[in-house]
Amino acid sequence: MESEGCEVTATKHISILGAGAVGLAVAYELLKRGCKVTVIDLAGARGGASWAGAGILVPASAISATHLLDRLAGLSNELHRQWSAELFQLTGIDNQYQRCGGVYLARTAGETAVLHGQLLQWQDEGVEATELPREQLPQILGPHWQPATPVIHAVYLPDERQIRNPHHLRALETAIIKLGGTVRRQETQCRVEAQANRLQVFINDDERLPCDDVCVTAGAWSQSLLANAGATLPLTPVRGQMLLFQLDKPLGCPIVNDRSRYIVPRRDGFVLVGSTVEEVGFDAAPTAAGIATLQQFAQDYFPILSPDRCVQQWAGLRPASYDGMPYLGRVSGFENAWVATGHFRIGLQLSPITAQLIGDLILGYSPPFDLELFSPQRLHCPEPPS
């Protein structure tokens with residue numbers, strides 16, 4: 001993917017506020033383009049989505065998809081493949097990118113209708129997707145597959161992929177440092193202030209960061225960060241709870257998807273199960289009810305995922321915009337401020353393509369797509385209902 005525009009000498013110093021998947025990806029991309037970069041890990045933004053998610057890369061077509069967001073997902077999937085190899089060569093950290101396939105299940109007539117419609121859309125857009133006869137499910141999903149209630153419809157996507165998101169984030173941070181960037185953690189306090197039509201960044205109360213441009217990638221916390229400078233960015237934090245199981249041997253099957261929930265087998269015998277969708281403000285604590293729901297879901301399909309096999313539970317807050325589209329572009333009223341957030345459940349998946357697009361904008365290139373759909377300038381709309 002090439003961008004059009006005049007030649008720009010990449011000598012800018014960029015401050016990136018937020019050290020999740022999107023922020024680290026933007027930093028990595030800008031460093032490769034020759035910029036100086038400082039990433040600030042916000043003290044308040046604990047419980048973000050990047051470390052909490054499952055690392056699922058849902059198939060999409062970069063060419064035939066009818067919606068721009070799906071086209072970007074297709075492009076980003078290919079970038080993940082390239083970045084995985086790049087990052088391993090640079091850092092020695094394997095983010096465990098793999099093409100593992102995914103099975104999508106329906107257990108009611110209504111779910112079947114929705115899944116069949118999704119199948120037709122995938123096929124129309126060039127995504128390899130096939131109906132999977134129920135009698136083939138034990139063969140695909142392995143000997144531990146023992147559903148408590150019948151599955152009446154299944155679809156198989158062989159091109160579904162996954163990465164191990166904590167490994168990926170560690171690889172990105174290591175690469176940033178190796179390329180000369182800075183990542184500041186240690187519970188750093190950060191605020192932004194408006195000075196004329198520019199944003200200034202201060203950390204630890206009075207230390208002003210030298211920067212030509214500021215990019216806010218703080219997930220659900222981006223709204224409160226920008227509010228101090230008078231900027232509006234409607235976002236809703238949406239909690240997702242997760243369980244991690246450990247088996248003696250790998251489960252040995254594709255990703256299992258059931259509406260908004262999933263079971264993700266890892267190579268080393270770990271199995272990730274998620275996720276809830278809860279609007280509870282900035283509460284990132286797992287709950288007994290949420291954990292019980294996920295535990296029952298896991299055992300309904302794989303009885304081997306019993307409570308004694310659960311080794312960890314956690315939750316993360318996803319940033320949801322009022323219209324379901326991410327915010328990518330310049331912050332209204334500021335010549336040096338940019339934002340990349342609001343990706344909801346697909347921030348990790350879209351992080352490489354987001355980094356390329358934001359890199360183009362910051363450095364003065366014209367992106368290869370019309371990004372009006374994602375512009376923060378679209379905010380002349382009512383607040384989302386509570």
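Helix α6 gives the most to the lining of the second largest pocket, putting in three residues. This is a predicted model, so read what follows with that in mind. 

The pocket itself has a volume of about 200 Å³. Three elements each supply two or more of its lining residues: α6 (165-178), β17 (270-274) and β18 (310-321). The lining is made up of W51, G53, R164, N165, P166, H167, L244, R266, F270, L272, Q312 and W314. By class, that gives six nonpolar, four polar and two charged residues.

The axes of α1 (residues 21-32) and α6 come within 9 Å and cross at roughly 35 degrees. The crossing of α1 past α6 is left-handed. On the α1 side, the contact uses A21, L24, A25, A27, Y28 and L31, while α6 brings L169, L172, A175 and I176. What classes of residue make up the contact of α1 with α6? There are ten nonpolar residues, with no polar and no charged ones.

Here are the residue classes of the two sets, side by side.

| Set | Nonpolar | Polar | Charged |

A couple of backbone details deserve a look. Most residues other than glycine have a negative phi, and most peptide bonds are trans. Against that background, G274 and S275 are joined by a cis peptide bond, with omega at about -5 degrees. S275 sits in the loop between β17 and α8 (288-301), and β17 is one of the elements that give two or more residues to the pocket lining. Then there's Q96, a residue other than glycine whose phi is positive, near 60 degrees. Where is Q96 found? Its place is the loop between α3 (68-91) and β4 (98-99).

Finally, confidence. The protein chain has an average pLDDT of 92, and 94% of the residues score at least 70.

Methods:
Residues numbered from 1 in each chain as written. Predicted model: local features only at pLDDT ≥ 70, side-chain atom pairs only at ≥ 80, totals over all residues. Heavy atoms only, no water. 1 Å grid on protein atoms, 1.4 Å probe; cavity = no way out; pocket = protein on both sides within 12 Å on 5 of 7 lines; lining within 4 Å. Points joined across faces, edges and corners; volume = space filled by probe spheres on them. Helix = DSSP H or I, 4+ residues; strand = E, 2+ residues; numbered from the N terminus. Nonpolar A, V, L, I, M, F, W, Y, C, P; charged D, E, K, R; others polar. Axes fitted to C-alpha atoms, helices over the stretch in contact; angles between N-to-C directions. Left-handed = near helix turned anticlockwise from the far one by under 90°. Contact = heavy atoms within 4.5 Å. pLDDT = per-residue confidence, 0-100.
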